[in-house]
Amino acid sequence: MPKIIDCCHLDKYQQARIANSLRSQLIGFNSTFCDDSEIMPVLLTIKQQGEICGGLVGRIAWEWMHIEIIWLSSGLRNKGFGRQLIEKAEKIARQKGCTGVHLDTFSFQAPDFYTGIGYKIFGKIEDYPEGQCRYFLKKKFADQ
């Protein structure tokens, strides 16, 4: 009889091995419906004096780019670097034939920034975390 096991007590390497195994199984299942050979990582960095002070992590899958992380050090914020990262990512997405880009952000991060550059909110979770919101946004290239 199968048992559900809480693995949170395991060390981080064992947890990572289990998570990677589950991810691999899900990708295998998904590949019966969608071509997983199209999955491509996207990684952009901003360096200053040899140190990473900003960047973007994402991936392209099934004609959409998902931006997972975008971060800038405090010294680079509000100076156009976020816009430059997004524009570079969107250029890559267009070159790869993507339909658009999607991402999420919190109310204490940058929802106004994203809506200001053409992203549309398509989902929202209230009180996540308490008193804040998590927004899900997309930009469909055909809409522009």
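The chain carries 19 positive and 16 negative side chains, and the centres of the two sets lie 5 Å apart. Lys and Arg count as positive, Asp and Glu as negative; His and the chain ends are not counted. Each charge is placed at NZ of Lys, CZ of Arg, CG of Asp or CD of Glu. The structure is a predicted model, in which local features need pLDDT of at least 70, side-chain atom pairs count only at pLDDT 80 or more, and totals for chains, interfaces and linings use all residues. Residues are numbered from 1 along each chain as its sequence is written, and side-chain values use heavy atoms, with hydrogens and water left out.

Three helices and six strands make up the secondary structure of the chain. Helices (H or I, at least four residues) and strands (E, at least two) are DSSP runs, numbered from the N terminus. Their order from the N terminus is α-β-β-β-α-β-α-β-β. The C-alpha trace spans about 55 × 40 × 35 Å along its principal axes. Of the 144 residues, 27% are buried. Buried means under 20% relative accessible area, exposed over 50%, and partly exposed in between (1.4 Å probe, protein chains only).

Strands β1 (residues 40-48) and β2 (residues 51-61) pair in the antiparallel sense over nine bridges. Pairing requires at least two DSSP bridges between two strands. Ile46 has Gly54 in β2 as its bridge partner. Two residues lie between the strands of this β1-β2 hairpin, where Gln49 adopts a positive phi near 55°. Strand β2 also runs antiparallel to β3 (residues 64-72), joined by eight bridges. Here Val57 stands opposite Ile69 in β3. The hairpin of β2 and β3 likewise has two residues between its strands, and Trp62 takes a positive phi near 55°.

Helix α2 (residues 81-95) contains Glu90. Glu90 is buried, at a relative accessible area of 6%. Its side chain makes a polar contact with the side chain of Tyr119 at 2.7 Å. A polar contact is a pair of N or O atoms within 3.5 Å; within protein, one must be able to donate a hydrogen and the other to accept it, and residues adjacent in sequence count only if both atoms are side-chain atoms. Leaving aside residues up to four places away in sequence, Glu90 touches Val101, Tyr119, Lys139 and Phe141. Contact means heavy atoms within 4.5 Å.

Gln14 belongs to helix α1 (residues 12-30). Gln14 is partly exposed, with 30% relative accessibility.
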